Amino acid sequence: MEKFQTITSTCIPLPIENVDTDQIIPARFLKATDKEGFGNNLFADWRYDKEGNPKPDFVLNNSTYKGTILVAGKNFGSGSSREHAAWAVAGYGFRAVVSSYFADIFKNNSLNNGLLPVVVTPNFLSELFECIHTNPENTITINLEKQTITNNATGNSESFEINSYKKECLLNGLDDIDYLLSKKDKIEEYEKNRIFQY
């Protein structure tokens with residue numbers, strides 16, 4: 001995975017609450033078992049009409065908004081446990097999703113796929129939406145090492161929580177298997193000493 005340390009980016013606003021995984025990636029796209037191409041179908045039913053043409057009123061089809069940070073309404077990623085939802089968000093090119101609340105399974109799936117879910121207070125989220133709509137060129141900075149998110153339009157910052165193991169994985173661009181391989185020498189040393197004790 002790509003290392004995640006500090007990113008500064010403009011944002012794409014999605015001020016819709018209770019976005020579930022079927023809206024993120026509709027069930028008809030779940031037959032694939034490879035992550036490749038899932039970003040093309042992110043929010044497919046909102047993004048395209050029945051003929052497959054982009055709907056001009058949907059934010060991903062609006063060239064005014066761009067960036068690698070998705071700012072979403074409360075309770076993003078609810079519903080089924082499909083990991084494909086995280087694949088789709090990351091596959092589109094987002095590095096982080098900001099919301100005031102995430103469904104736990106979506107949050108964990110995101111962390112496992114190099115996508116950082118950042119939980120902020122409702123007031124901070126409202127401020128972000130307001131600043132993005134006022135000026136789409138406004139940026140947010142997310143510093144994973146310091147666990148801070150900053151609205152660069154106002155200078156306001158908040159801290160966010162993250163599991164220490166997942167933080168280490170993201171900072172170093174490691175998935176769970178890569179992490180274990182990085183500890184191979186220590187594991188082998190432990191096993192050698194353990195066997196010797198018998």
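A residue is called buried when its relative accessible area is under 20%, exposed when that area is over 50%, and partly exposed in between, with a 1.4 Å probe and protein chains only. At 15% relative accessibility, serine 78 therefore counts as buried. The model is predicted, so to speak of local features requires pLDDT of at least 70 and side-chain atom pairs count only at pLDDT 80 or more, while totals for chains, interfaces and linings use all residues. Residues are numbered from 1 along each chain as its sequence is written, and side-chain values use heavy atoms, with hydrogens and water left out.

**The whole chain**

Begin with a cartoon of the protein chain, which has 8 helices and 8 strands. These elements are DSSP runs numbered from the N terminus, helices being H or I with at least four residues and strands E with at least two. Of the 198 residues, 44% count as buried. Contact means heavy atoms within 4.5 Å; among contacts with a separation of 6 or more, 66% are made by residues 24 or more positions apart.

**The loop between E3 and H3**

Select serine 78, in the loop between E3 and H3. Leaving out residues up to four places away in sequence, serine 78 touches Asn18, Val19, Asp20, Thr21 and Ala103.

Asparagine 75 has a positive phi of about 65° although it is not a glycine, and it is buried, with a relative accessible area of 17%.

**Helix H3**

Move on to H3 (residues 84-92). Its buried residues are His84, Ala85, Ala86, Trp87, Ala88 and Val89, and they pack against helix H1 (21-24), E4 and helix H4 (104-112). Glycine 93 follows H3 and has a positive phi, near 120°.

**The largest pocket**

Now display the largest pocket. A pocket is found on a 1 Å grid over the protein atoms alone, as an open set of points where a 1.4 Å probe fits, with protein on both sides within 12 Å along at least five of seven lines; lining residues have an atom within 4 Å of a point. The largest pocket holds about 290 Å³ of space, a volume being the space filled by probe spheres set on the points.

Which residues lie nearest the centre of this pocket? They are Met1, Lys35, Ala90, Asn113 and Gly114, from a lining of 16 residues. Helix H3 gives the most to that lining, with 3 residues. By class, the lining has 5 nonpolar, 6 polar and 5 charged residues. Ala, Val, Leu, Ile, Met, Phe, Trp, Tyr, Cys and Pro count as nonpolar, Asp, Glu, Lys and Arg as charged, and the others, Gly among them, as polar.

Select residues 122-134, helix H5. The end C-alpha atoms of H5 are 18 Å apart, which agrees with the 18 Å that its 13 residues should span at 1.5 Å a residue; the expected span is 1.5 Å times one less than the number of residues. Phe124, Leu125, Leu128, Phe129, Cys131 and Ile132 are buried in H5. An α-helix has 3.6 residues a turn, so residues three or four places apart point the same way. The cover over the buried residues of H5 includes strand E2 (11-14), strand E3 (69-72), strand E4 (96-99), strand E6 (140-143), strand E7 (148-151) and strand E8 (156-159).

Next, select asparagine 151 in strand E7. Asparagine 151 is buried, with a relative accessible area of 2%. Beyond its neighbours within four places in sequence, it is in contact with Phe124, Glu127, Leu128, Cys131, Thr139 and Asn156.

In the loop between E6 and E7, pick glutamine 147. Glutamine 147 has a positive phi, near 55°, and is a residue other than glycine.

**Aromatic pairs**

Finally, show the aromatic side chains. Rings of Phe, Tyr and Trp (its six-membered ring) pair if their centres lie within 6.5 Å; planes under 30 degrees apart count as stacked, over 60 as edge-to-face and the rest as tilted. By this rule the count comes to 8 aromatic pairs. Phenylalanine 43 and phenylalanine 58 have ring centres 5.9 Å apart and planes at 65°, so this pair is edge-to-face. Both residues are buried, and together with Trp46 they form one aromatic cluster.
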